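Please look over the sequence and the model shown here.

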Amino acid sequence: MIIDRSHRGWAIASGVILAASAAAYAAFATRHAGPSGGTPIGLMFGIAGFGFMIFVTLLSVRKKFPIWRIGRTQSWMRGHLWLGALTLPLIVLHAGSFTGHGLTSVLMWLFLVVYASGFYGAWMQHTMPRKILRRVPMETIYEQIGHVRAQLVDEADTLVAAASGKLEVAVPVAASGAAELATVMRVDADDSAPLREFYLNEMRPFLASPSGDHPLAHPGTAAARLQKLQSLLPPALHGAVGDLESICEEERQLLRQERMHGILHAWLLVHVPLSFALMALAIVHVFGALMY
Amino acid sequence: MSGSIALTIDGREISVPRGTTIFDAARMHGIPIPTLCHQQHQTPVGVCRVCVVDVGARVYAAACIRECEPGMKVKTDTPPVIQARNTLVELLMADHPSPCARQQQSGDCELESLAKSAGIAEPRYARRLSPRGRDDSSLSIAVDHEACILCDRCIRGCDEVKKNDVIGRTGRGYTAGVGFDLNVPMGSSTCVSCGECMVSCPTGALTNKRIVGTELGDGDPPEPEWILQLPVFKGVSGTFLELNKGALVKRHFAPGDVICREGEFGSTAYYILEGSVEVFIATPIGHVKQEDAQAGWFSRIRSRLADRQEHTRDEEAARRWIPIDASTDLPYDKPVAELGAGELFGEMTCMSFHPRSATVRAKTPVVVLEMLRNVLDVMQKNKTFRAELDRKYRQRALETHLRSVPVFASMPADFVAYLRDRVELIRYSPGEAIVRQGDPADAFYLVRLGFVKVTERRPGGDIVLTYLGRGSYFGEMGLLGGGLRTATCTALDHVDVVRIAGEDFNLMLSRFPAIRASLEEVARERSEMNRQRVRATEQVPIGEFLTQGLMEAQSLLLLDLEKCTRCDQCVRACADAHDGVTRLVREGLRFDKYLVATSCRQCRDPLCMVGCPVGAIRRRNSLEIIIEDWCIGCGLCTRNCPYGNLNLHPFDVEVPDPAKPSRMIATTRKKATGCDLCMEHAEPSCVYACPHDAAHRVEPLTFFGTMLAAKDQGRTGNTAATSK
């Protein structure tokens, strides 16, 4: 979620809570040695912080039931961001410091990791969608990437087969109009040999199992190779080279989309499980503190 | 003036009755004179001049029209005569597409035979530069103007022999040709496809069309002689029936046999010869209703079929008839009707390939004629058949048809009886204009069959205002307003309309003020809707916006791609809200930073409505697209939607077991569904569930207005800066 002007209310409320907490802390600290978890005000900070943590964690549950009419999910998300941001100061005020022993130390470190990953995630959500929009104009549904990739291989196979004869790979004979769309003409086998060789040895492996390390994954290298290939071919096949270049570009965009999608969502692999671990340990901490 | 006269032809002294033409005199005495434009049973016109003979005068005479005179010395085969004749044939051959269709089919093109016998292989003269074209609009007769030699035999066949008066001469000199009615395509003319013109034509200009490879399979193809004995086939060309023998079959059905099923695609129509059939809609009638499965906050929407008794939409209270592809409509409360001998059903399926609108089951032992499109076309043009169909329509269906229109529901029976013989039943071919904008409004129209496109002419092009199907009406705005048509109404496919003349319409308004008030209200609503639409078009001149069809939408689901994290919560929410069947796909066109998701746009030009065989998809007064209870799940609307935004939603329902009607069995039936905006709630589930404030349902013109205006301003500014 992008934090924009529409968050003003939340920002003000969070600022007020933070300022009030800091003021209360300061007032308490001037009279006492500073709150710890056991003091009334420390306990208050702990309860508020833990309450916020519970609310923040419930976002996952909210998202599991998207059509429950219990407030718009974006409102929950706003709460997640702002109240989540408040938890660290409140817990620090509760603890009185960043340090601790045993469980509290583990809790604090875990908390810091979750907090940091949350900030990283928020930053990702601010920046990455824009980058995807700009850098992947041919973006498809993430789950469909495999299917689109298979279509690209079929299309390229058909294109090359139409230009230079049947390939020695399983090529769908009646390809869906790709041959008609392709700007190729059938030429003598000898003339089309470089195209065939390039396709079978370089491009098809790239399309079949794409990797960022492949030369064709880099636009500059790919352009140079295709230019070189074009110089070896008769003009009738230059159109086919252009079509192959487009296919390579689409494949590169798919690779880019996969990578960016991964970056956009990978932090959740850290943030979500550690959040639940944190909650579990926090509950243990609460019970432990209350019991002893 | 009576008695015989003596003359000499090619040295032979002969005697013939006074008034005999040279051509006839020669023929009577076994002297052949070639001709192209003349036939024995037609009035001679002497236009081809191929029959020229030397009568000793300054110029050669056309034997077919020149009468014999006493003492006349006629020479038919002197070298100069033959040379003159050959020159004429050679000139005709120069423009003739040899071999023409007739020569290819049967090898008996008279012109080409003549040319061959005269030894004319390749004409020395140049072909005409501008082609005269073909006319393939008729389903039974192919017209190749290139092969026409302007002999007028078809004209005389049509006018003199059959008295149909359809064909005539058009143009002059170089542009001369034959035309149909007021020079309209043959398929749109009043041609009854009797075939006389084809029989008369000496070349391949008019030939039979044969449906190739689509002959009806099993069944009993009757002999043409038998068919011609049926009154409804009176006057139909026997040659046509012979050539299209497999396109018409006789079928027998036992009581209970299903003749056709609703939703199926087909290409044939049925004419009942004997017995009676039951026409009904087997798909359960009910809305796809969204409702909360549990009350309160933790609610969950679910889709289900709501029974019609259980839930009726407000505006449906007055609608009591379901339009189908037959001469009658089905009552909404009990959608069953009976058709008997002499009735036709499946016309729209046959002519426009719409899905079957209802299931038809034999009630008694039934004999039907099942026919393909070309045969139906010939039948429909047959005056006897047309008159019989129209008579039945006036008797049986006109009243229910009129009453199916809510504003006419209260019309007294005596006025319906008054209208019964006064209304005109008119048929229009695809693309034909029924009324034109700006013309005087002289009639009111009720759509009986097919779909009508309503457009308004504006600077920059026509704007589609709406589509009207069976049961809709038009023409009231012009009659109620200033007396001029406010829009053009064009037949989208084969359209039948009921035309109520202006004076009858006005009489109705004066006698029934309630009808007048309702019509004025409808006219006001339509006028406002049209104004809104035109305003929308004028406000948004941006190319890409138009190209993507966004202007057509009333409501778009947009995903802000700068905010969207591609988490698919929107799709999940939609699926959860609709029994696991999502009505949106996070894919589609992009406009600026927005993705226009695949979800119903509530288009202003709802192409999905075109062709619905039972008229089940329509607009609500709020312009929202709504699917009626009686949707038969044929899926035509889902295919028609240009954006892929409508789906078929399967439901488990209980229906009577065909083997044992008293027992109910579970089966799956489909109903078309589109985004319903989760009307049960204040906000669509997809938007409600988006955690990132990226999904929005918007009215595109308002939403994009500012952006487009800013862009436009920016462009203007740039241009100004450049010009400075």
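**The interface of chain A and chain B**

Across the interface of chain A and chain B, 15 residue pairs are in polar contact, both residues being at pLDDT 80 or more. A polar contact is a pair of N or O atoms within 3.5 Å; within protein, one must be able to donate a hydrogen and the other to accept it, and residues adjacent in sequence count only if both atoms are side-chain atoms. On the side of chain A that touches chain B, the elements giving two or more residues are helix H2 (40-64), helix H3 (73-95), helix H4 (102-135) and helix H9 (238-291) of chain A. H4(A) gives the most to that side, with 5 residues. Helices (H or I, at least four residues) and strands (E, at least two) are DSSP runs, numbered from the N terminus. By class, the residues on this side of chain A are 15 nonpolar, 7 polar and 9 charged. Here Ala, Val, Leu, Ile, Met, Phe, Trp, Tyr, Cys and Pro count as nonpolar, Asp, Glu, Lys and Arg as charged, and the others, Gly among them, as polar.

This is a predicted model: local features need pLDDT of at least 70, side-chain atom pairs count only at pLDDT 80 or more, and totals for chains, interfaces and linings use all residues. Residues are numbered from 1 along each chain as its sequence is written, chains are lettered from A and ligands numbered from 1 in the order in which they are written, and side-chain values use heavy atoms, with hydrogens and water left out.

The contact (heavy atoms within 4.5 Å) takes 31 residues from chain A and 33 residues from chain B. The two chains bury about 2,900 Å² between them, 53% of it on carbon and sulfur atoms. Buried area is the accessible area (1.4 Å probe) that two parts lose on being put together, summed over both. In chain A, the residues that lose the most area to chain B are Ile67(A), Arg69(A) and Leu133(A), together 28% of what that side buries.

Next come the salt bridges. A salt bridge is a side-chain nitrogen of Lys or Arg within 4 Å of a carboxyl oxygen of Asp or Glu. Between chain A and chain B there are 6 salt bridges. One of them joins Arg590(B) to Glu139(A), with the closest N and O atoms 2.9 Å apart. Over all chains the count comes to 35 salt bridges. Among them is the pair Asp414(B) and Arg511(B), at 3.2 Å, N to O. Asp414(B) lies in helix H12 (residues 413-420) of chain B and Arg511(B) in helix H14 (residues 502-511) of chain B, so this pair ties together parts that are 97 residues apart in sequence.

The backbone has two points to check in chain B. Most residues other than glycine have a negative phi, and most peptide bonds are trans. Ser98(B) and Pro99(B) are joined by a cis peptide bond, with omega about -5°. Pro99(B) is in the loop between helix H2 (79-94) and helix H3 (101-105) of chain B. Asp181(B), which is not a glycine, has a positive phi of about 50°.
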